[in-house]
Structure formats: C-alpha cells, structure tokens
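Here are my notes for you to read alongside the model. Keep the structure open and find each spot as you go.

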Amino acid sequence: MAIEQMKMPQLGESVTEGTISKWLVSPGDHVNKYDPIAEVMTDKVNAEVPSSFTGTITKLSAEEGETLQVGEVFCEIEVEGSEQQSEKEAAPEQSEAPEADQTNEDQSQKKRYSPAVLRLADEHGIDLAAVQGTGAGGRITRKDLLQLIENGGVKEKTAPVNERADQQEPAQSSQAKAAPAVSSMPGDVELPVTPIRQAIAANMLRSKHEIPHAWTMMEVDVTNLVTRRNQLKDQFKAKEGFNLTFFAFFVKAVAQALKEFPEMNSMWAGDKIVQKKAINVSIAVATDDALFVPVIKDADEKTIKGIAKEIHELASKVRQGTLKQSDMEGGTFTVNNTGSFGSIQSMGIINYPQAAILQVESIVKRPMIVNGMIAARDMVNLCLSLDHRVLDGLVCGRFLQRIKQILEGIDEQTSVY
C-alpha cells in the first residue's frame, strides 16, 4: 500500500486555480477510480473531479470554499503500489505542478490575473502592477500575495518597483479598493458570500478594471419577426418538442453579422488583437443565485432551429446543475437576453476577455411613423457594450446596422430550418 497525492486539475486551457465547492467524500471512504470526490468551481461553473485511483481517502488537504492553484495537493489516498506505479507511468507529465521561478525571464503572463488574485488585491489595496510574480510567464499567484500580506509589508514591498507610477497613484487608491466597513443593524440579514458569487464578483471587477467600456444602442422594428415567429411557434413546438423563442432569431442574426464583421469577434492580448475564427456565442442564463454563461459553438453554421435547440439544452443543463466545463469554454462574443426580465435599456459588463456584449431588450409595442402614418409596431432596443481598446464606434455602428437589417428583413418566407 502507498499514499498517493491528488492535485488540483486544470479544468480548462486558461484556468489556473479552483475552489472546493463541496467534498463528496470523507477520510476513511473507499472510492473507485473515476468516482467523483469533489465539486470544484472555476470562474462560473461547478465541475466534479474524479478520483485518479482506487483506494481509501486518508486526508482532505483543503476546506470547502478554499481556493487552490492548479497542481496544489487537495487530497491524499491510500492505493495499491502497483496501481500507483501504473498511474505514474501513464501520466508522468502530471507528477509535479510547474513551480519554477521564471520572474527573470518570460513575463508574457504578468498581467493575467486570476479571480483569487484580484480578490486579494482588492481586499488589501495591493497594486498588482508593482508585484513581481513567481508563476509561469511572470504570472502573479495567490501565494505571492499571501506572502506579501503575511510579511506585513505590502506597501513597502510593492512601492520600490516603480516609484513614479506609485507617485501618480497616491495612498487614496488603496482606500478606494478596500471593502467598505458596513455595520449590521438589528433586523439586517447577513448573507455569506458563496464561492460562485466571489468568482462572479472577481470577474466583473477584472472586466471593469482592465477594459475601457463604451456603450451604444440601436432600436429595431421587429414587427415582421414577431409575426413570423407567432405563425410557427405552435407547429414548431409540436414537431420539435421545445420552444421557438425570439432569442434564437437574435442569436442567429448576431452570428451572421459577426461573420461579416470579424473585428467584433476579437480579443485584446496586450501587444496584439486576436480575431477569432470560430464564432462561439456565449449566452447568459440565470438561476436564483448565480449567472452562468454557456456557449453555442459555431453559431454561424447553425440554423435558427439549431440555435433554439442549443439554447433549450444549455438552459436545461444550468437549471438541473449538469453544466460542464466544456459547455462554458471558447466563447468569443456574448448575447444577453435582458428583455426576459422586462428591461428596455441596459449596459452590460463585457465577459472578459471578449471585446463586446450585446443586450437584447424587451420587444415593446410602440406608436411609430410608417409611410407618414402612425402605426403600432413591435420595437426592440439592442444595447452594445464594447472594449474601446479593440473596437471603435464606426465598426460597432455598422455591426448593429447589419443586425438591424437582418432582423427587419425577416418575413413570412423566412425558414427556421
């Protein structure tokens, strides 16, 4: 028998850490290989982590709610010696997490901050630009910040790196970043911040901190779209088994416009802008206490029916708690159905590291001038938040105009197949 350590896996290409949401085992439990042993949260999704071995759990090295870097030990298991050896031979590359100090060489990842790092920096007023990271590519890790905090020399240790920069950002910046002191009064209800809410908060902070947001809006006459959808919805539901929603028409129009305006399907990468070839549309799906952003892959190649089916399936996964990490990866542009709540105008926060997010508002009947006459028309506002480092008003205006043209061009001949 031998003790084998299980380490935090990398649950995605850009994931550097995970939070233990819930332990599914206790010390002394016997597990088989591939049995789930913990729920781990990264960004906005919970994923079950399977056991790499058959054996008996001897130690849980992390508490629920604790965030660990990829490669950190979170569990120990007593396994047969032969199995331990076979595991090492099958996956030698996972034997150790990369911990080499690369601070004097590659600095390409210096400005890529994980949610946990952003949260610690926010809580303790740390200027991340002044911190020397020890992670791969110069990336700042949670351990780097914890060491600064434990040494009690955060301000002194960060200041010398760039004195002129610090002089331009006086001590008030740390006060602005610090969490406000809020005292509870009788009758107030204190709600714990869940790991998933912490991840959402960190991602939103990162987006607003790093991305210069700009905003624009365009109104669209979707009277013909409403008529066509209402003509098809009952027959469609009976045939396909799921609803033909208005949102599917909007996602299809966005995907088509993204193909024609590839600048909108881009991401900021520091010294370059990356135009993504795949058009993968992220859609926002809310539960009672969280927001998830699953992805419709290759949306430009799908019909309205195909998109409606994916919207239905992804929303069902979110509400049933079966959404996987793979369902969340690869998004290049986000469309948010804020109209489902009755909203008619809103400004979304960009889903980092994408360059834009489109809010589809409520369809509202309004009096409009048509051919010199007042007529009741179905109108919708499309609200676009954009990363002004990547996009300018000209391309965004043309992009919205193209979506408007596609939506207003829908008629009784439009096929959803």
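1. Let's begin with a sheet: 4 strands make an open sheet in the order β1-β8-β6-β3, with antiparallel pairing. Its edge strands are β1 (2-7) and β3 (30-31), each of which pairs on one side only. Strands (E, at least two residues) and helices (H or I, at least four) are DSSP runs, numbered from the N terminus. Two strands pair if DSSP finds at least two bridges between them. As background, strands of a sheet pair through backbone hydrogen bonds, either parallel or antiparallel.

2. Before going on, a word on where this comes from. This is a predicted model, in which local features need pLDDT of at least 70 and side-chain atom pairs count only at pLDDT 80 or more, while totals for chains, interfaces and linings use all residues. Residues are numbered from 1 along each chain as its sequence is written, and side-chain values use heavy atoms, with hydrogens and water left out.

3. Back to the sheet, to see who faces whom. Strand β6 (residues 55-60) and strand β8 (residues 73-79) run antiparallel and are joined by 5 bridges.

4. Now zoom out. The protein has 12 helices and 19 strands. Of its 417 residues, 44% are buried; that word means under 20% relative accessible area, with exposed over 50% and partly exposed in between (1.4 Å probe, protein chains only). Taking contacts with a separation of 6 or more, 66% are between residues 24 or more positions apart. Contact here means heavy atoms within 4.5 Å.

5. Next, a pair of helices. The axes of α9 (residues 246-260) and α10 (residues 304-320) come within 9 Å and cross at roughly 115°. (Axes are lines fitted to C-alpha atoms, for helices over the stretch in contact, and angles run from 0 to 180 degrees between N-to-C directions.) On the α9 side the contact uses F247, A248, F249, V251 and K252, and on the α10 side I304, I307, A308 and I311. Sorted by type, the residues of this contact are 8 nonpolar, no polar and 1 charged. For that sorting, Ala, Val, Leu, Ile, Met, Phe, Trp, Tyr, Cys and Pro count as nonpolar, Asp, Glu, Lys and Arg as charged, and the others, Gly among them, as polar.

6. Is N280 buried or exposed? N280 is buried, at a relative accessible area of 9%, and sits in the loop between β11 (273-275) and β12 (281-283). A polar atom of the N280 side chain lies 2.8 Å from the backbone nitrogen of D298. The side chain of N280 also has a polar atom 2.9 Å from the backbone oxygen of G330. Setting aside neighbours within four places in sequence, N280 has contacts including V295, K297, G331 and F333.

7. D298 is partly exposed, with a relative accessible area of 30%. N371, in the loop between β18 (364-370) and β19 (373-387), also has a positive phi, near 55°. N371 is exposed, at 76% relative accessible area.

8. One more backbone detail: a cis peptide bond joins Y352 and P353, with omega about 5°. P353 lies in the loop between β16 (333-336) and β17 (356-360).

9. Last stop, T141. Which residues does T141 touch, not counting those up to four places away in sequence? They are Q69, V117, T134 and G135. T141 and Q69 are 72 residues apart in sequence and 7.9 Å apart in space, C-alpha to C-alpha. T141 is in the loop between α2 (115-124) and α3 (142-150) and counts as buried, at 16% relative accessibility.

Technical notes
Polar contact = N/O pair within 3.5 Å; in protein donor to acceptor, adjacent residues only side chain to side chain.
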